[in-house]
Amino acid sequence: MAPERRDDPSDPSRREFLQLSGLSAVGLSAAALSWVGVACSSDFGDKIRLGVVGGNFGASFFWHEHPHCEVAAATDLRADRRQRLREKYGCDNLYDSYEALIDAQPALDAVAIFSPPADHVKHTRWAFEQGWDVISAVPACTSLEEAAELAQLVESSGRKYMMAETSHYRAGCILARNLYREGAFGEIFYTEAEYYHDRGDLDRVLTDKTTRWWEPDGSRSWRWGYPPLAYPTHALSYLVSVTGERVERVSALGWGGDHPFLTESLYQNPFWNESALMATSGGHMLRCNVFWLVAGEGERAQWSGEHAALYMPKHGLHEAVSHVRTQQPGPRQLPRYHESDMLPAPLRHPSHHGHSAVFLTAEFINALVQNRAPEIGVYDALAMTVPGLVAHESALRGGVQLEVPQFDPTHG
Ligand SMILES: NC(=O)c1ccc[n+]([C@@H]2O[C@H](COP(=O)([O-])OP(=O)(O)OC[C@H]3O[C@@H](n4cnc5c(N)ncnc54)[C@H](O)[C@@H]3O)[C@@H](O)[C@H]2O)c1
C-alpha cells in the first residue's frame, strides 16, 4: 500500500501554516506533512495487539480507531475503570491487575502504561520482560536512579519505548518545531515554558472525596502533594520537542504554604509552585514554571529567536501571536493539524490536550507498524523529565545551581 500523501496548497491547514510562517511551499512540505498511510510490516499481523494498563487517563486515547491497532487486553485495579476500558475500546479481555494480565499471557505486541508515576519504570520493565513494546504516561520516572534504569532497560532490551507527552503534539509546538527546522527563528536563545494546573478551592481539596486527590477507599491519591517540578514534561517538551536541546544546569525557587496538601505530603514537598532557570546544551536560556496554585491554566510556551518570536495562546490574555521581522506582528490562527493528513483518516478529529491524543495514538502505532523508533523515545523522555527532578532538588536547597545528569549518548 503506497503512502497516501496530499500536498495540496489549497488544503486549509497548509494555507494557514504558510500564512503564519511566511515560508515557501517547497520548504514546508517535508517538515509539516509526515503522514502516514502505512503498510503493515511483516513482524505483526494485520493489527498491533495492544494491552492498556490503567483506566482513567488511559481510557482517553483512540487505539481502537487506528486502522492497524486493536485493544486486545486491558486492566485496572478498579472495576468501574475496567468497565470504562471495556466501553471505550470495545475490549472484553479484562484483568483485575497488570500482574494478573501478565500471568494470563495474552498475545500482545505492546502495552500502553497509564498507571501512577511511581510505577512507570517498573511497569515498563515488566512489559519488556514479556517482549512487549511500551508507550508510557508522563513523567518517565520519579528519581535519577529510575532514570538510569529506564535508559538501561531500553538499551539492553532493544524494545521500542515512547513517552505520551501531550505538549509535543499541541499545534503551537508542532508549528514552532516546523518553523525552527525551516530556520525561521534562527537561533532560539530563550524559551519560556509553563504548566499551570490550578488546585482550585483548597477547602474542597480537603473535603470533597470525589476529587482526584482522593481514592475511593478514602486514602489520598498519588497526586496529593506531588512536587511541581517533578512533573515537568508538559513544559520541558517545549524545549526538547522544538530544538532538541538538553538541559545541562538548573536553578529553581519554590513557594508554598501550610495547607495539608504540602505539610502532609508523601513527597515531603513544601511547594505549591516552582520556577526554574535552566541552561541548555546550545548555550541558551529556558525559564520553566510548574504551578499548582495559580489563577490560570495552561501548558504553553513562547520562543524568542534571532529573527522571529512565537507566543502560544494564553488563556484569556491573548491568542497565538507571531513576530517575524519581515511581517506585520500580530495574532495568528494556529494550523488545525489534527484535521490534516498527518493522521490516518479515522483519527482526524478533536481530542484532549490540544488535540494531541490522536497524534500520540497514531505515532506509537505507526512506529511499531513501520518498525522504527517512535518520536519521544527514551532519551527525549528523560530530557523532559530529569531536569525537573534536579530543579526540584535545587528549589529545596534554596536555588543552588545544579548539574543535570545526561543519559543521551549523542549529547555531551
Ligand atoms: N496530559 C497528560 O499527559 C496526562 C494527563 C493525566 C494523567 N497523566 C498521567 O497518566 C497516568 C495516570 O493518570 P490518572 O490521572 O489516570 O491516574 P489515576 O490514579 O486516576 O489512575 C491510574 C489507574 O492505574 C490503575 N493501576 C495502578 N496500578 C495498577 C496495576 N498494577 N494494575 C492495573 N491497574 C493499575 C489504578 O487502579 C488507577 O485506576 C499518570 O502517570 C499521570 O501522570 C498524563
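Q: In this predicted model, which residue has a polar side-chain atom 3.1 Å from a nitrogen atom of the ligand?
A: The model is predicted. A contact of this kind pairs N or O atoms within 3.5 Å. At 3.1 Å from a ligand nitrogen, one polar side-chain atom qualifies, and it belongs to Glu99.

Q: What share of the ligand's exposed area does the protein bury?
A: Start with the ligand taken alone, which exposes 840 Å².

Q: Which residue places a backbone N or O atom 2.8 Å from a nitrogen atom of the ligand?
A: Backbone atoms reach the ligand too. Phe57 has a backbone N or O atom 2.9 Å from a ligand oxygen. For the ligand nitrogen at 2.8 Å, the backbone atom comes from Tyr98.

Q: Where does the ligand sit, and which elements give two or more residues to the shell around it?
A: The ligand lies in the largest pocket. Two or more shell residues come from each of these elements: helix H4 (98-104) and helix H5 (120-130).

Q: How many charged residues are in the shell around the ligand?
A: The shell holds 25 residues, and Asn56, Asp76, Val138, Arg223 and Tyr231 come nearest. By class, 11 are nonpolar and 10 are polar. The charged residues number four.

Q: Which peptide bond is cis, with omega near -10°?
A: Most peptide bonds are trans. Val138, one of the residues that come nearest the ligand, takes part in a cis bond. The cis bond runs from Val138 to Pro139.

Q: Which strands stand at the edges of the nine-strand sheet, each with a single partner strand?
A: This open sheet has mixed pairing and the order S14-S13-S12-S11-S7-S10-S9-S8-S15. An edge strand has a single partner, so one side of it is left without a neighbour in the sheet. The edge strands are S14 (330-331) and S15 (402-403).

Q: Which residue stands opposite Leu94 in S3?
A: Six strands make an open parallel sheet, ordered S3-S2-S1-S4-S5-S6. S3 (94-95) and S6 (161-163) are its edge strands, each pairing on one side only. S3 pairs with strand S2 (residues 69-75) over two bridges. Opposite Leu94 stands Ala74.

Q: What is the phi of His353?
A: Most residues other than glycine have a negative phi. His353 is found in helix H11 (residues 352-369). Its phi is positive, near 55°.

Methods. Residues numbered from 1 in each chain as written. Predicted model: local features only at pLDDT ≥ 70, side-chain atom pairs only at ≥ 80, totals over all residues. Heavy atoms only, no water. Near = heavy atom within 4 Å. Polar contact = N/O pair within 3.5 Å; in protein donor to acceptor, adjacent residues only side chain to side chain. Areas by Shrake-Rupley, 256 points an atom, 1.4 Å probe, with all protein chains shown as cover. 1 Å grid on protein atoms, 1.4 Å probe; cavity = no way out; pocket = protein on both sides within 12 Å on 5 of 7 lines; lining within 4 Å. Sits in = over half its atoms within 2 Å of the grid points. Helix = DSSP H or I, 4+ residues; strand = E, 2+ residues; numbered from the N terminus. Nonpolar A, V, L, I, M, F, W, Y, C, P; charged D, E, K, R; others polar. Pairing = 2+ DSSP bridges.
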